[in-house]
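These are my notebook entries on a structure that I looked through piece by piece. I wrote down what I looked up and what I found.

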Amino acid sequence: MTKQIKEHCLWHDTAPKTVHYPPLTDDITADVCVVGGGYTGLSAAIHLAEFGYSVCVLESDYIGKGGSGRNVGYVNAGTWSPPDELNAVLGEMAGEKLTKILGDAPRLVFEMIDKYHINAQDTRTGNIHMAHNANMETDIDNRVAQFKRRGVDVEVLTGSKCHEMTGTTKINKALLDKRAGTINPFAYVDGLAKSAIILGVKIFENTKAHSLTKDGDSWQVACDGSDAKASVKAKKVILATNAYSDGEWLDIQKSFYHVQFYQIASEPLDNAIANQILAGKQGSWDTCMALSSIRRDNDGRLILGTVGGRAFKPDGFYQKWADGVVAHYYPDLPRFDWQCQWFGYFGFTTDHIMRVFAPADGILAATAYNGRGITTGTMMGKAFAKFIKTDNPDVLPLPFYDINDSQIAFKKVREIGTELGLTLYHGGQILKIVA
């Protein structure tokens, strides 16, 4: 009988929250009001404070409760799509600009960690994109060629070196992106919040912003705290709720569809076989239609992840999936117990490109990081701060999109169809029908 594993996010245990912020209980004013206390919101707040602005951050729950505190923890460069595909969608000039900005984003994350002395449990040895079959080996070659043309520090891993770095003989070719790394995502977002406070930013947890009203040349952000109603009056408002947007921000939410992500962590492992898995401390993911992410944490836990949520699945479904992944990639790994499992979700667009909006004068928003939230969010927050300071749209990674033109047709149908397809694929993996 499959042992039931508790549902709890590992990152909250390995980087416990020690600072709590009060709810907003009074009417206040600020130069900028940031709605959402994740990577985007806190990066924006920090950079705005450095520029001399007064800033408040409104978080509906607690810092790190959403995607910023429960993701995989990969500090990846770029987007899901390789550079040439971005150019085909955006045009060469805009595509190359986005590729360059997101290519530099891991460096920005690590600079923030160093500058503010954040104990993010980070590694900086790159991440590995693993080809799971011969067809995807060709895809890896194409990606490497595109990166090399742009001077990016990537390496093709083949044969024994590939086996040594991945820890499995099932992968014969992989792409090592040396710009990348891993973090404890909750430790990073918690550290950003503490750094923002030092710079004078006011952070309010358990404060849900539910409406925006124009008040002269300012905006009134109405909020519900834990036991009181209050508001913020600000010249500028940044909507940094991303995939966790709701309520007043429904038009923004219509620009992407939700995809859930599942993770499961083992107990700490310390044996000869386990220590060969990603011995260089890289994060990795394979090229399966429903990818498997594989990484270790600082305590030696094996952490697996994949796209998919709870719907259409019986209890124990994902544990069977995880057992199958381990048996496939690491058949000699001694038996161990799974410690915990958890879910989160992110926003996806049909072209895998984020969206940047200015829904009204003085309001900014960014959504749909397509699974690259750590780097994209940190970069986007800094870009918003620079835009508010300069009023120059060239400092943004992309031109503003029109919200109405960006709405995804049959969004709920797409979400249900995606989840059903993922369930069938994972079921095929469990039954060993598909790789």
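Entry one, the second largest pocket. I looked up the lining of the second largest pocket by class and found 20 nonpolar, twelve polar and seven charged residues, where Ala, Val, Leu, Ile, Met, Phe, Trp, Tyr, Cys and Pro count as nonpolar, Asp, Glu, Lys and Arg as charged, and the others, Gly among them, as polar. This is a predicted model, in which local features need pLDDT of at least 70 and side-chain atom pairs count only at pLDDT 80 or more, while totals for chains, interfaces and linings use all residues. Residues are numbered from 1 along each chain as its sequence is written, and side-chain values use heavy atoms, with hydrogens and water left out.

I then noted that about 820 Å³ of space lies in this second largest pocket. Of the 39 residues that line the second largest pocket, Trp80, Arg143, Leu291, Phe348 and His352 are the closest to its centre. For the search, a 1 Å grid is laid over the protein atoms alone; a pocket is an open set of points with protein on both sides within 12 Å along at least five of seven lines, a cavity is a set of points where a 1.4 Å probe fits but cannot get out, and lining residues have an atom within 4 Å of a point. Grid points are joined across faces, edges and corners, and a volume is the space filled by probe spheres set on the points.

Which element gives the largest share of the lining of the second largest pocket? I found that helix 7 (residues 134-149) does, with four residues; helices (H or I, at least four residues) and strands (E, at least two) are DSSP runs, numbered from the N terminus.

Leaving aside neighbours within four places in sequence, I found Gln146 in contact (heavy atoms within 4.5 Å) with Pro82, Pro83 and Asp84.

A search of the whole structure gave me one cavity of 30 Å³ or more, and about 60 Å³ of space lies in the largest cavity. Among the residues that line the largest cavity I listed Thr79, Trp80, Leu102, His352 and Arg372. By class, the lining of the largest cavity has six nonpolar, four polar and one charged residues.

I counted 15 aromatic pairs in the structure; rings of Phe, Tyr and Trp (its six-membered ring) pair if their centres lie within 6.5 Å, and planes under 30 degrees apart count as stacked, over 60 as edge-to-face and the rest as tilted. Why is the pair of Phe261 and Phe346 tilted? The ring centres of Phe261 and Phe346 are 6.1 Å apart and the planes stand at 40°, so this pair is tilted. The pair links distant parts of the chain, with Phe261 in strand 12 (residues 257-266) and Phe346 in strand 16 (residues 338-348), 85 residues apart. Phe261 counts as buried at 10% relative accessibility, and Phe346 counts as buried at 16%.

I also looked up Phe336 and Trp338, which form an edge-to-face aromatic pair, 4.9 Å centre to centre with 80° between the planes. Phe336 counts as buried at 15% relative accessibility, and Trp338 is buried with a relative accessible area of 9%. Ring pairs link Trp80, Tyr257, Phe261, Phe346 and Phe348 into a cluster.

Entry five, charges over rings. I found Arg179 over the face of Phe147, at 5.4 Å from the ring centre, and Lys389 over the face of Phe51, at 4.4 Å from the ring centre; a charge sits over a ring if NZ of Lys or CZ of Arg is within 6 Å of the ring centre and within 35 degrees of the ring normal.

Is Phe410 buried or exposed? At 69% relative accessibility, I recorded Phe410 as exposed, and Phe410 lies in the loop between helix 13 (403-406) and helix 14 (411-430). Phe410 has a positive phi of about 50° although it is not a glycine.

How values were computed:
Buried means under 20% relative accessible area, exposed over 50%, partly exposed in between (1.4 Å probe, protein chains only).
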